[in-house]
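Please consult the sequence and the structure shown below.

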Amino acid sequence: MFEKSVTKMRLSDLMKSTNNFSKDNIIGSGRTGTMFKAELEDGSSLMVKRLQQSQHSEKEFLSEMNTLGSVRNRNLVPLLGFCMAKKERLLVYKLMVNGTLHNRLHFLEEGDKPLEWQTRLKIGIGAARGLAWLHHNCNPRIIHRNISSKCILLDGEFEPKISDFGLARLMNPIDTHLSTFVNGEFGDLGYVAPEYARTLVATPKGDVYSFGVVLLELVTGERPTHVAKATESFKGNLVEWITQLSGNSELNDAIDESLTGKGVDSELFQFLKVACSCVVETAKERPTMFEVYQLLRAIGEKYHFTAEDDILVQTENGDAGVLEELIVAREN
């Protein structure tokens, strides 16, 4: 365990706190496992991730836990501890009271209002900072490989926290057969970069593509695999819809109508353009996550979301020039 508050937590404690992993306690689920809300006897709450069955040994699992326990950033969900009992592999996290970004965007409960633009921009900037930190500050760098709005959790202040980072290595070894791609080995449908079908190799630019889809969700309000606003004849996903609109010079039509006409239309369009740069088909033409973060931070500068910055990065050869070009293009 990494924090004294959960040092004595056992499998029996976690089962009791989640009501034996009751369906009623599920916060979210994905390829790596299911997240449950856990309520302890002292009244405090945590999140418990019940991992899908892993082929890794206890020694490998412990080594990975030590690595993940040392990865700390304000925009990553803090891992408090873990439990290993027989075939069970459980991770214990701090509770994020506002749940997943996916649910906040697409499954509003009665009486809930759509997220306001300033909140969406804050989420985009913070999540970009967390992912950029994994890509550029960790050594070796961590490729998430499963970025989606389901793995971006929101705390009480709607500060985004990325979960599931580093978990790709804990899942079953990658099968080189195409079935792993079809079955979601490289992420949820709608988020997977097109080159994965050919290469079956996870890359930072693949993460950038997936993150670009999240940015599109934020600014359009649409789901990655189904576009409610599209014509009935359109059967594609969100990226394909955006590509079609862009080709017809109708990109403004993509923006969530609940956000427009409130004096921030230029910010919305700038944000949309950054998202579009992330989901271009050719991986090498996408910006790095550090560049994405800098571009988004520039859009949100007047809101002072990022008073302190912990990304100290040496950009790769040519990155600085590309970044300058992107900023110039955005300003124009």
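## A residue of helix α1

Is Ser-17 buried or exposed? Ser-17 is buried, because its relative accessible area is 8%, where buried means under 20% relative accessible area, exposed over 50% and partly exposed in between, computed with a 1.4 Å probe and protein chains only. The residue belongs to helix α1, residues 11–17; helices are DSSP runs of H or I with at least four residues, strands are runs of E with at least two, and both are numbered from the N terminus.

Apart from neighbours within four places in sequence, Ser-17 is in contact with Asn-25, Lys-37, Ala-38, Glu-39 and Leu-40, contact being heavy atoms within 4.5 Å. The C-alpha atoms of Ser-17 and Phe-36 lie 9.5 Å apart, with a separation of 19 residues in sequence.

## Basis and overall composition

The model is predicted: local features need pLDDT of at least 70, side-chain atom pairs count only at pLDDT 80 or more, and totals for chains, interfaces and linings use all residues. Residues are numbered from 1 along each chain as its sequence is written, and side-chain values use heavy atoms, with hydrogens and water left out.

The protein has 11 helices and seven strands. Of its 332 residues, 52% are buried. Among contacts between residues at least 6 apart in sequence, 65% join residues at least 24 apart.

Helix α9 covers residues 265–278, and its 14 residues should span 20 Å at 1.5 Å a residue, which agrees with the 20 Å between its end C-alpha atoms; the expected span is 1.5 Å times one less than the number of residues.

The buried residues of α9 include Glu-267, Leu-268, Phe-271 and Leu-272. The buried residues of this helix pack against α4 (117–136), α7, α8 (238–247) and α10 (289–299).

Asp-207 lies in helix α7, residues 204–220. Asp-207 is buried without a salt bridge, and the nearest side chain of opposite charge, Arg-145, is 7.6 Å away. A salt bridge requires a side-chain nitrogen of Lys or Arg within 4 Å of a carboxyl oxygen of Asp or Glu; Lys and Arg count as positive, Asp and Glu as negative, and His and the chain ends are not counted. The backbone nitrogen of Arg-145, however, lies 2.8 Å from a polar atom of the Asp-207 side chain.

Arg-129 is found in helix α4 and counts as buried because its relative accessibility is 2%.

Key. A polar contact is a pair of N or O atoms within 3.5 Å; within protein, one must be able to donate a hydrogen and the other to accept it, and residues adjacent in sequence count only if both atoms are side-chain atoms.
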